[in-house]
Amino acid sequence: MATKPPKGDPVQDAPQVAEPKHAAAGLPAIGHTLRIAQQQMGVKRTALTLLRVNQKDGFDCPGCAWPEPDHRHKAEFCENGAKAVAEEATLRRVTPEFFAAHSVADLATRSGYWLGQQGRLTHPMHLPEGGDHYEPVSWERAFDIIAEEISALGSPDESVFYTSGRTSNEAAFLYQLFARELGTNNLPDCSNMCHESSGSALSETIGIGKGSVLLEDLYKADLIVVAGQNPGTNHPRMLSALEKAKANGARIISINPLPEAGLERFKNPQTPQGMLKGAALTDLFLQIRIGGDQALFRLLNKLILESEGAVDEEFVREYTHGYEEFAAAARAADWDETLRATGLSRTEIEQALGMVLASERTIVCWAMGLTQHKHAVPTIREVVNFLLLRGNIGRPGAGVCPVRGHSNVQGDRTMGIFERPAPAFLDALEKEFGFAPPREHGFDVVRAIRALRDGEAKVFFAMGGNFVSASPDTDVTEAAMRRARLTVHVSTKLNRSHVVTGARALILPTLGRTERDLQVGPNGKSTEQFVTVEDSMGMVHASRGRLAPASPQLLSEPAIVCRLARRVLGADSKVPWEEFEKDYATIRDRIARVIPGFEDFNVRVARPGGFTLPHAPRDERRFPTATGKANFTAAPVEYPELPEGRLLLQTLRSHDQYNTTIYGLDDRYRGITNGRRVVLVNPEDARALGVTDGSYVDLVSEWKDGVERRAPGFRVVQYPTTRGCAAAYYPETNVLVPLDATADTSNTPASKSVVVRLESALEGRPATRPEARLEQSATD
């Protein structure tokens with residue numbers, strides 16, 4: 001029997017606040033995991049489902065992309081992974097009756113948390129032009145509607161095909177194949193908003209836009225630098241790897257504007273000792289000013305150059321290019337400027353240098369704290385310079401480690417989900433399938449929003465995700481989406497993007513990772529299929545769901561793409577779409593012929609644990625760059641300038657959140673419960689700005705376009721963040737990020753360095769729906 005969804009939409013701007021925690025996981029994580037899972041799935045389903053997460057014969061967690069060890073615990077999942085699984089395997093259902101009871105206008109007033117809590121979508125739904133309610137529609141009619149709108153376009157480039165990271169390799173390959181046979185490279189994806197800066201910097205410097213380390217390298221490292229990342233909330237299973245690395249003798253430097261509980265102490269819930277005592281992880285915490293990372297690594301590089309015998313001269317001479325120009329720029333680094341840019345002390349930087357010089361094998365891990373700034377790409381290039389100087393790429397226990405977020409976001413890119421495809425990839429597609437793919441670059445996320453806003457794109461199709469809530473400049477993004485002729489979302493659950501629609505809209509419900517995928521083969525019999533994913537370190541493995549689908553109306557993502565392609569492209573298509581839908585092994589055979597590293601795909605993925613993709617810099621110190629070597633780079637040092645009376649805001653996740661999916665209203669490690677509209681401010685900054693702890697403010701962002709962007713009604717929480725810096729949760733604060741405020745080269749939204757002022761608001765101001773506060777008061 002389906003469990004009941006929560007009745008009301010809770011107020012999110014009146015949290016309780018306590019002292020931040022100094023340890024992550026442990027018994028509280030176990031208790032919270034089981035409570036959430038049982039609320040969504042019930043006791044029996046919880047046990048049957050969670051014990052299959054990340055197992056070699058199970059399904060890949062739909063949460064983060066952190067890799068699994070070869071020897072796996074029976075409970076190989078974290079608290080946030082369990083929440084993701086619970087919301088997918090929930091017994092709650094969103095049926096046609098739900099949509100009949102709720103108009104789109106009504107749903108648009110609801111919070112993202114409330115929408116997600118309603119449960120799994122069960123039927124294809126259509127919002128007709130001029131309609132106010134979604135209505136059930138057959139799959140055949142849904143594909144007809146899409147074909148009608150696409151055929152009415154003046155060009156295929158008036159359509160946009162967005163992809164979320166949870167899409168499987170098989171679905172992603174088919175999706176880009178369909179878009180390119182249609183005639184467009186408009187394939188924006190969630191990478192555009194997160195690690196695009198990493199890919200841009202790494203492609204230029206080492207020749208491949210992926211990390212160069214495997215899980216085993218962390219266990220062999222002498223020093224691990226974790227910069228701009230919060231593993232305790234965003235990649236909790238990484239804490240197990242750091243714990244093992246520490247046990248093997250590694251030291252850890254954490255670089256972050258906020259102290260993070262998981263990097264202070266990890267209480268491993270998989271062991272009795274871990275639950276009771278835990279392990280201290282960080283040896284040196286550098287509480288850096290937002291955006292000061294490039295300046296820090298530049299100065300460290302200067303100090304390495306000045307330290308006798310510190311440079312690996314043989315490696316530099318044999319494997320690198322551009323050293324002299326880089327070295328001249330590094331030697332010019334200025335101590336005073338670096339201290340101003342970073343907010344660190346000279347003693348702290350000298351401590352870090354000592355640890356760097358004592359290490360023969362160094363890894364640098366990073367996430368959004370480095371990638372979402374205007375100068376993100378030069379920052380990551382400087383990290384590469386730092387590693388190249390001491391030969392720390394292509395050596396066991398050393399290398400670059402961009403920690404990807406969403407499960408299979410890296411696999412999607414490998415499969416060709418990219419608006420700027422390499423000519424060699426397009427050549428391989430043309431040779432394999434016999435059509436000429438378009439060569440002109442397409443839209444990334446920011447350019448897609450502009451195109452929709454300006455009427456240059458009219459059909460928007462999303463394979464998963466929550467585009468409206470994930471994108472910057474919320475008001476601009478929502479207005480752009482409403483200008484579309486048709487918006488289509490392939491989804492498992494309800495989200496904000498379903499209620500910000502074009503003139504017509506479709507919701508296409510799909511199977512989740514947890515569910516069994518049966519396809520009718522040529523012999524008329526149903527055959528169980530599996531899909532594959534690639535983790536953050538280039539490991540490819542199978543994922544097999546076991547639960548019965550939430551509804552018999554659901555189609556798998558590969559089936560949706562195949563049926564869409566057959567309907568839109570018709571009999572003239574050169575691609576065997578019907579064959580692909582019936583047997584995913586035939587898709588993998590074609591991937592093997594198109595994408596290097598996937599040779600004998602079906603044979604290799606059948607092995608428990610899958611296989612590792614080749615990585616030339618790691619495997620053979622070969623760098624497929626324009627120069628044929630690893631490239632040192634030299635760029636001017638940049639960091640955000642902060643006007644008087646302003647703060648530098650970074651957007652971030654709460655602990656009860658994964659990307660735009662809100663599992664609950666708590667941020668346990670930061671001491672925030674029962675609310676999300678908070679702004680974390682250093683106590684000295686609060687006093688200087690005349691705001692008190694518990695007061696309410698509007699956040700107003702300032703940018704060079706002169707447009708005022710406002711997020712109203714945030715409770716001030718005095719918090720030990722860096723002076724001049726503040727933090728608040730997204731997607732609530734995405735409204736403050738200007739569409740055109742992006743990273744140079746990568747065009748990633750600069751969500752981690754937003755200049756804001758705080759304007760006083762009425763205490764207790766309702767920041768969500770006015771009636772929500774009344775509703776809450778009536779039940780207290």
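Student: Which way does α7 cross α27, left-handed or right-handed?

Tutor: This is a predicted model. In it, the crossing of α7 past α27 is right-handed.

Student: How are two packed helices described in general?

Tutor: By two quantities: the angle between their axes and the distance between the axes. Here α7 covers residues 139-151 and α27 covers residues 557-569. Their packing angle is about 55 degrees, and the axes lie 9 Å apart. That angle makes α7 oblique to α27.

Student: Which residues of α7 and α27 meet?

Tutor: From α7 come W139, F143, D144, I146, A147 and I150. On the α27 side they meet I560, R563, L564, R567 and V568. By class, this contact has 8 nonpolar residues, 3 charged and no polar ones.

Student: Now another pair. At what angle do α15 and α17 pack?

Tutor: Read the angle and the distance again. Helix α15 (residues 293-306) packs on helix α17 (residues 323-331) at about 105 degrees, with 8 Å between the axes. An angle of 65 to 115 degrees counts as roughly perpendicular, so α15 is roughly perpendicular to α17.

Student: Which residues make the contact between α15 and α17?

Tutor: α15 supplies R298, N301, K302 and L305. α17 supplies Y323, F326, A327, A329, A330 and R331. The classes are 6 nonpolar, 1 polar and 3 charged.

Student: On to open space. What volume does the largest pocket have?

Tutor: About 1,300 Å³. Its lining counts 43 residues. Nearest the centre of this pocket are I208, G209, K210, R413 and T414.

Student: Which elements give two or more residues to that lining?

Tutor: They are α9 (196-205), α22 (409-414), α23 (423-433) and α31 (616-620).

Student: And how does the lining of the largest pocket divide by class?

Tutor: Into 17 nonpolar, 16 polar and 10 charged residues.

Student: How many cavities of 30 Å³ or more does the structure hold?

Tutor: There are 7. Take the second largest cavity, with about 200 Å³ of space. It is lined by 17 residues, and L511, G512, R513, D517 and V531 are the closest to its centre.

Student: What classes line the second largest cavity?

Tutor: The lining has 4 nonpolar, 7 polar and 6 charged residues.

Note on methods. Residues are numbered from 1 along each chain as its sequence is written. This is a predicted model: local features need pLDDT of at least 70, side-chain atom pairs count only at pLDDT 80 or more; totals for chains, interfaces and linings use all residues. Side-chain values use heavy atoms; hydrogens and water are left out. Axes are lines fitted to C-alpha atoms, for helices over the stretch in contact, and angles run from 0 to 180 degrees between N-to-C directions. Helices (H or I, at least four residues) and strands (E, at least two) are DSSP runs, numbered from the N terminus. Angles under 35 degrees count as roughly parallel, over 145 as roughly antiparallel, 65 to 115 as roughly perpendicular and the rest as oblique. A crossing is left-handed if the near helix is turned anticlockwise from the far one by less than a right angle, and right-handed if clockwise. Contact means heavy atoms within 4.5 Å. Ala, Val, Leu, Ile, Met, Phe, Trp, Tyr, Cys and Pro count as nonpolar, Asp, Glu, Lys and Arg as charged, and the others, Gly among them, as polar. On a 1 Å grid over the protein atoms alone, a cavity is a set of points where a 1.4 Å probe fits but cannot get out, and a pocket is an open set with protein on both sides within 12 Å along at least five of seven lines; lining residues have an atom within 4 Å of a point. Grid points are joined across faces, edges and corners, and a volume is the space filled by probe spheres set on the points.
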